[in-house]
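Please open the structure in your viewer and keep the selection tool at hand.

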Amino acid sequence: MNKMDFSDLTQKRQNWVDANKENGFDEGISNLLTELYPDNAHFIYELLQNAEDADATEVKFELLQNELKFHHNGNPFTYDDIDGITSIGKGTKANDINKIGKFGVGFKAVFSYTKTPKIYSENYSFEIVDLVIPQPIKAIKRNNNTIIIFPFNNSNKSKQKAYNEIYNGLINIKDNTLLFLTNIKKLVYVIDDIAYRIERVERDDIIVEIKNSKNQTLTKWLRFKRNLSKKNKLYVSVAFNIGIDKETEKEYIKPINGQVSIYFPADKENSKLKFHIHAPFASTVARDSIKDLDENKKLINQISKLLLDVLKYIKKNGFLSYDFLSCMPNNSDFLPDFYRPIQDALIDYFNNQPFLITETNTY
């Protein structure tokens, strides 16, 4: 078989679809897979995750009245990618709960908007029908990018509703969407011919800036990472927001409503911390909250260890002030039990190391 040929996949998927239709399972399976996400436009983050996995540095969404176009400059599609994107759950290894998912179930959320997503990449151009069947289509001009087009042709959702939901999803993309990624540095979304940009600029290994053209803002962060043992692509991370004192023009660490990210913000998870954290947590299907599992507790312990290294950096670089101390969790914050090990580790460290400020500006 020619490496550019995927006819064997097409036939295998067709056999599966035919068997489902013969048994009357097709509608039920379709509803189950496309309604897994309470927030329908959440597939935006699945597309970003796929682009991140493909080592893309720039991505672009183009929202039109009749369709959504997604571009990325990452690695082109391979045969295995076609296999993954037309499968159900194959993109995640069952024996590794923290594995970064690639395609699988998450992509199926797009079928609540479209019946025929079209993918154009270097070696393959195809559309997907009946959820899982890849069929070859004519290539288009791509400028070396991978382009995925989602026509709004699902009869269960009007084109206007599809447009409105995706519009809301795009304009509500938060600055910290890019904060904990490794590859994607620029995200562009175009609505009604107006382009908006969110861009991450890394000044060094720790200092990160996020530019947002829509909000006309530039935020500055101290972002720290700790690789997980023997898993070079997986890491835990924390980020502290840097403010500027209007009177002294001096930078300081300011407390924020900290969010939990699983690469992207998990909107229903509330740590009550005053800084952002990230880890490859095992989560709900929608990645909006974290499961109470031993694997996740181990990740919290890794974040606790990372924070001890953060304290050394903060002290050494002149950020250890009352402002920074106000970011540290205490009993009045009422942290959920799941996040209490972070507070306990910090308290133990402060009890045994010179990190409390005195009246004479010593520790």
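**First stop: two hairpins**

Select strand 4 and strand 5: they form a hairpin with three residues between them, and Asp 130 in the turn has a positive phi of about 50°. Please bear in mind throughout that this is a predicted model. Strand 4 covers residues 125–129 and strand 5 covers residues 133–136; the two run antiparallel and are joined by four bridges. Within this pairing, Phe 126 stands opposite Pro 136 of strand 5.

Now select strand 7 and strand 8, which form a hairpin with two residues between them. In the turn of this hairpin lies Asp 192, with a positive phi of about 50°. Strand 8 spans residues 194–202 and pairs with strand 7 in the antiparallel sense over six bridges. Here Val 188 faces Arg 197 of strand 8.

**Second stop: strand 7 and its surroundings**

In which sense do strand 1 and strand 7 pair? They pair in the parallel sense, over six bridges. Leu 63 has Ile 191 in strand 7 as its bridge partner. Strand 7 itself comprises residues 186–191; five of its six residues are buried, so the strand is largely enclosed by the rest of the structure.

Side chains of opposite charge can pair when their charged atoms come close.

- Select Lys 157 and Glu 165: their closest N and O atoms are 3.0 Å apart. Lys 157 is buried, because its relative accessible area is 9%, and the cut-off for buried is under 20%.
- Select Arg 200 and Glu 202, whose closest N and O atoms are 2.9 Å apart. Arg 200 is buried at 2% relative accessible area, whereas Glu 202 is partly exposed at 34%.
- Select Lys 297 and Asp 292, which meet in a salt bridge of 3.7 Å, N to O. Lys 297 is partly exposed at 40%, and Asp 292 is exposed at 59%.

**Last stop: a loop and a charged patch**

Select the loop between strand 11 (231–244) and strand 12 (251–254), where Glu 247 is placed. Glu 247 is exposed, with 76% relative accessibility. Together with Asp 245, Glu 249 and Asp 323, Glu 247 forms a negative surface patch.

Thr 248 lies in this loop between strand 11 and strand 12 and is exposed at 54% relative accessibility. Finally, select Thr 248 with Tyr 45: they are 203 residues apart in sequence and 40 Å apart in space, C-alpha to C-alpha.

Conventions. Residues numbered from 1 in each chain as written. Predicted model: local features only at pLDDT ≥ 70, side-chain atom pairs only at ≥ 80, totals over all residues. Heavy atoms only, no water. Patch = residues over 30% accessible without salt bridge, like charges linked within 9 Å, V, L, I, M, F, W, Y side chains within 5 Å. Areas by Shrake-Rupley, 256 points an atom, 1.4 Å probe, with all protein chains shown as cover. Salt bridge = Lys/Arg side-chain N within 4 Å of Asp/Glu carboxyl O. Lys, Arg positive; Asp, Glu negative; His and termini not counted. Charge placed at Lys NZ, Arg CZ, Asp CG, Glu CD. Buried < 20%, exposed > 50% of the residue type's maximum accessible area, 1.4 Å probe, protein only. Pairing = 2+ DSSP bridges.
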